[in-house]
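User: Hi! I'd like to learn how to read a protein model. Can you walk me through it?

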Amino acid sequence: MILSGLLNTLSVRGAGVPFLATGDGTFWLPVRATEAAGTVDNLFYFIFWISLFFFTLLMALLAIFAVRYRRRREGEEPEPSPSHNLAVEVVWTAIPVLLVAAIFWFGFQAYVDMSTPPLDSYQIQVTGQKWKWTFTYPNGYVDELLHVPADRPVQLVMTSQDVIHSLSIPAFRIKRDLVPGRYSKAWFTAVRPGDYDIYCAEYCGTQHSSMLSTVKVLPPEEFDAWLLAHSDILSGLTPVEGGERVYNVLGCKQCHSLDGAAGVGPTFRDLFGSERPLKGGGRVLVDENYVSSSVLDPQSQIVQGFEPVMPTFKGRIKDQEITALIAFLKSLSGHAPRDEAPAAAGAGTP
Ligand SMILES: [Cu+2]
């Protein structure tokens, strides 16, 4: 109680009780932004207070004994000094053994926890090179800042392109080396949205000190939106392949089949180039503009026989993705002019 009171007075924002699993930073330690940070800090304080206690005890005994058993003047009677004491021997062996065993046990448990990522961890590739960090997301998007979702286990799979670097995120209580030619791993569950510093903690050349980045912990929904907005899901694909990818990734497939079966929404098979009856009368030709307005403003024209339940994709879909979708829809339709084998055409023309 006295200890936690003392530590409280040292905490920067007053609210940080060092023995709780998360919280504000103290004067000594940064904010705890992951689940594991509390464990690491508790272990640190445990060892710190034991060390401080024994340091004080030993220094006090040293001073007392120095006075008590000091060299006497001629004629003075010296203090009789004990030569052996079994009880003292047992106590000063047993207590350190118990303490060291406790330190090992808590430390080992924390180490095992911090080395074993949950199977459903979200994986991000990390590359260190002189003198910058590169973070690659599962969809291929590459960034120089690390964005992670809160409340979700994240695993970093890391390697270096040149010399040894070390990824250090003090607020996460994580530091792990990146070694060329090998993969090293680290994982965490971030619990506090916010921006935290990333350092390189292994001297790696003249610009080592500027090998900095930031980890941005976002609430899970914001992270998903961020990833979508920054993903180039079309890269390296033909328009038709890209359109199919958009169809899968954006969830069109939940409502639109490709095989002619009606679902929540009309099938995409033979859709492009056909004429559709609209609710409330009238017909419309499914062309490029109709597809685009169906995606961006689905409620403006409702197809006869269906409910107006399609969500708008405005702000969630990019122009090139709509273009790719149109190419994909054309490839599924007998009413649309098909691109005839572009590879063969390319081979025949200069
Ligand atoms: Cu470095």
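Analyst: A residue is buried if 20 or more other C-beta atoms lie within 10 Å of its own, exposed if 12 or fewer, and partly exposed in between. Keep in mind that this is a predicted model. Here, buried residues make up 20% of the 350 residues in the chain.

User: What does the secondary structure of the chain come to?

Analyst: You'll find eight helices and 12 strands.

User: And which residues account for the contacts in the chain with a separation of 6 or more?

Analyst: Of those contacts, 59% come from residues 24 or more positions apart.

User: Where is arginine 173, and is it buried or exposed?

Analyst: Look in the loop between β6 (165-169) and β7 (174-178). A residue needs 20 or more neighbours to be buried. Arginine 173 counts as buried because it has 23 C-beta neighbours inside 10 Å. Its phi is positive, about 60 degrees, although arginine 173 is not a glycine.

User: Why does aspartate 151 count as partly exposed?

Analyst: Because aspartate 151 has 13 C-beta neighbours inside 10 Å. Aspartate 151 isn't a glycine either, and its phi is a positive value near 60 degrees.

User: Which residues does a cis peptide bond join?

Analyst: Lysine 130 and tryptophan 131, with omega about 0 degrees. To find tryptophan 131, go to the loop between β1 (122-129) and β2 (132-136).

How values were computed: Residues numbered from 1 in each chain as written. Predicted model: local features only at pLDDT ≥ 70, side-chain atom pairs only at ≥ 80, totals over all residues. Helix = DSSP H or I, 4+ residues; strand = E, 2+ residues; numbered from the N terminus. Contact = placed C-beta atoms within 7 Å.
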